[in-house]
Amino acid sequence: MFKTVLTLFRGSVAAAGEELEDRSALLILDQQMRDAAAAVERSKRTLALAIAGDQQEGRRLDATNARIADLEVRATAALDGGREDLAREAAQAIANLEADRDAAMTARTLFASEITRMKRQVANAEARITELDRGRRIARASEAVRALRRGGIEAARPYESTLPEAENTLKRLRERQIEAQAASDALIELDAASGPLATAEKLAEQGFGPRLKSTADDVLARLNAKRTQAA
């Protein structure tokens, strides 16, 4: 008898829980959609910052290339005038600028990859939210009709397939953002510490292969070669 009463009690609690969930499902769905929309807006702001950063790197790259070209002309003139000391000073400045140029080009490559990924992510999220909103409107209309038919009593589960959709959409949005950021940070750290460029530079410093970064001697040699060709 006690077991029967306990089973009946547990069944009543489960039924009450399901009834509460049914009555609150639309409210839960509304809040989950607001959360998902807020996540998309944050992604859009991040995307806008990435685009702005890429444009800034582009302007910096253009300015650096212009300064390199100007200094090369001046250094060549100094060599023609017999002022190798000034030419060497200019060559060192050119080498430093070329390092900045390479860094800007790397940054733009990273920005381009990130921007492409984020655009795809935002577009996908917006499409899912649009579909979810359409389902929510249908569910709300269906709920109103069923309530009228039953004298104001709410229906049992008119939108059961839409609520899990909202939960999964929000979960995927957050997990994808966290995973993508972690992967991007790890890749940048790995490339900086032990990537192919770092290994190649280390070998070049020991005399195995050409250097990857320009030095003053490299710039002077290049300028002298240009002078020889022009003569």
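Which helix holds Gln121? The views below come from a predicted model.

**View 1. Gln121 in helix α2.** Gln121 sits in helix α2, which spans residues 84-149. Its relative accessibility is 7%, so Gln121 counts as buried. Leaving aside residues up to four places away in sequence, Gln121 touches Ser43, Arg176 and Gln177.

**View 2. The salt bridge between Lys44 and Glu126.** The two side chains meet at 2.5 Å, N to O. This pair links distant parts of the chain: Lys44 belongs to helix α1 (residues 2-80) and Glu126 to helix α2, 82 residues apart. Lys44 is partly exposed, with a relative accessible area of 31%. Glu126 is also partly exposed, at 31%.

**View 3. The salt bridge between Arg227 and Asp80.** Here the side chains meet at 2.9 Å, N to O. The pair again links distant parts of the chain, with Arg227 in helix α5 (residues 216-230) and Asp80 in helix α1, 147 residues apart. Arg227 has 30% relative accessibility and therefore counts as partly exposed. Asp80 counts as exposed because its relative accessibility is 54%, and exposed means over 50%.

**View 4. Asp133 and its salt-bridge network.** Asp133 forms a salt bridge with Arg136; their closest N and O atoms are 2.6 Å apart. Both residues lie in helix α2, and they are 3 residues apart, so about one helical turn separates them. Salt bridges link Asp30, Asp133, Arg136 and Arg137 in a network. Side chains of opposite charge can pair when their charged atoms come close. Across the whole structure, a search finds 14 salt bridges.

Technical notes
Residues are numbered from 1 along each chain as its sequence is written. This is a predicted model: local features need pLDDT of at least 70, side-chain atom pairs count only at pLDDT 80 or more; totals for chains, interfaces and linings use all residues. Side-chain values use heavy atoms; hydrogens and water are left out. Helices (H or I, at least four residues) and strands (E, at least two) are DSSP runs, numbered from the N terminus. Buried means under 20% relative accessible area, exposed over 50%, partly exposed in between (1.4 Å probe, protein chains only). Contact means heavy atoms within 4.5 Å. A salt bridge is a side-chain nitrogen of Lys or Arg within 4 Å of a carboxyl oxygen of Asp or Glu.
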